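This report walks through one structure, from its chain fold to its contacts. Please keep the sequence and the 3D view side by side.

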2 protein chains.
Amino acid sequence: MAHTKVDGKPQVTGGSASGNGKRQLSGQDWVRAGLTALANRGIDAVRVEVLARDLAVSKGSFYWHFSTREELLAAMLDSWERGEVDWLATRADQGEAAERWGRLVEMVAGSGYSALAAAVFDWSQRDPKVAERVREVEARRVGYIAEVLREIGFEGREAEWWGEAVYLLYLGWVNRAQRNQELREAPRTVGNFLSRLVLAAAALEGQSAARPRKK
Amino acid sequence: MAHTKVDGKPQVTGGSASGNGKRQLSGQDWVRAGLTALANRGIDAVRVEVLARDLAVSKGSFYWHFSTREELLAAMLDSWERGEVDWLATRADQGEAAERWGRLVEMVAGSGYSALAAAVFDWSQRDPKVAERVREVEARRVGYIAEVLREIGFEGREAEWWGEAVYLLYLGWVNRAQRNQELREAPRTVGNFLSRLVLAAAALEGQSAARPRKK
DNA sequence: CCTGTAACATACGGTGGCGTATGGTAGGCT
DNA sequence: AGCCTACCATACGCCACCGTATGTTACAGG
């Protein structure tokens, strides 16, 4: 047992705020590098020696911070999940009725197409543990959308149903934008799709409630 | 150069219709095995030696049929593309007005969630050549949906726009169903989502045209 | 200045996969 | 029967990667 596990955090080891300028990586640096590789070339491209080359250090460094590759993958998944949960948490509270929909659309449209999310989704297909975590995150997302729709004026069951539809459309867009620059480079389009979908839903359900602004 | 390329087809080499019962594989057998591995564990799991073990033969066999692994991947992509194009071609002609929408929905809902398609889409992210082919197939799909929508009563531009929306929703469903049995095991749901989406679109656009039957 | 330890580097054994080289076999043709 | 050839097996060299063992450096505290 040469290395002490990273149970807590390797205390100081400042990534870039330690004052000495450069050297001395932290576990988080490896996680970040791993997530970058994941987003760019998929989970099977997250290799210890490759990351070491990217970071211009040797494997010896990696195996000090982590005891195995799987441990890094777990840390990466944790990091991603935390980011997703936080993203929703910071936006779940502050809301004034129909205004929230417009902000949700803008946030989604502006937050980029997220190659990372797409890569994590693909990863989840080959690892049941990952799939479980992704399902939880997706349930939160759909729940949040449905909540917003309820505030806009959709009735209970309808809100959930159309919330799912909205999410599926968004998910399809994320997927398709992956290989279609035109979709990526016009971030407006996602918002347009989502907004018109909700407008149509309201028209069908006979909602007289507040309409989301097309902005 | 020990092996002759598989330019045409290795003539007889019957997979299972040759009468002799078993042995003697064809290039198509390798392609099928490759597509299976692709669908189950992604493109990075399509390894020559692994496929050889699955087929209970040696690599020597593989390198007779193909000169390299890349050649197999190309053949796999060709096979997939041909299947997709044929799928649309056999359904594009025969149609009587609004009836086509119902059949399209049923076909999509019944054709399974297609882990293969999802895997190919993911593959396309790491290989521009694959991405190009996938884009073409997707353009055909969207075009076909838009065409059906036009026959239902949507006006030119609206048909294309909602056709894209319908496809994105379907794409999101394929993606999500990958890790959600509940969605997979109720094949009706896709159809319901798509049908209600079109109904809502018609309601928004003020179509009085033929409505797709909810069946 | 000496020592300990955190954070690396270097070197190694082992595995899995690619592509090649070459040998073996079974069935059709003459 | 002999031979050719399609199809496959065996064996090899090579490389990328995993994880381990152990040497090396920087700095903190006494």
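A residue is buried if 20 or more other C-beta atoms lie within 10 Å of its own, exposed if 12 or fewer, and partly exposed in between, with C-beta atoms placed from the backbone. By that rule, buried residues make up 34% of the 215 residues in chain A.

The model is predicted: local features need pLDDT of at least 70, side-chain atom pairs count only at pLDDT 80 or more, and totals for chains, interfaces and linings use all residues. Residues are numbered from 1 along each chain as its sequence is written, while chains are lettered from A and ligands numbered from 1 in the order in which they are written.

**Fold of chain A.** Chain A has 10 helices and 0 strands. Helices (H or I, at least four residues) and strands (E, at least two) are DSSP runs, numbered from the N terminus. Two residues are in contact if their C-beta atoms, placed from the backbone, lie within 7 Å. Among chain A contacts between residues at least 6 apart in sequence, 61% join residues at least 24 apart.

**Helix α5(A).** This helix covers residues 99-110 of chain A. Its buried residues are A:R100, A:W101, A:L104, A:V105, A:V108 and A:A109. They lie on the same side of α5(A), because they cover an arc of only 165 degrees around the axis; the arc is that of the directions from the helix axis to the C-beta atoms. The face turned away from the buried side carries the exposed residues A:M107 and A:G110. Cover for the buried residues of α5(A) includes α7, α8 and α10 of chain A.

**Two surfaces.** The contact between the chains takes 30 residues from chain A and 30 residues from chain B. On the chain A side, α8(A) gives the largest share, 9 residues. DNA strand C is surrounded by 21 residues; the closest are A:V57, A:S58, A:G60, A:S61 and B:V48. Near means a C-beta atom, placed from the backbone, within 6 Å of the strand. Here α3(A) gives the largest share, 4 residues.

**A residue at the chain contact.** Leaving aside neighbours within four places in sequence, A:L169 is in contact with A:F193, A:L194, A:L197, B:A165, B:L168, B:L169 and B:G172.

How values were computed. Expected span 1.5 Å × (residues − 1).
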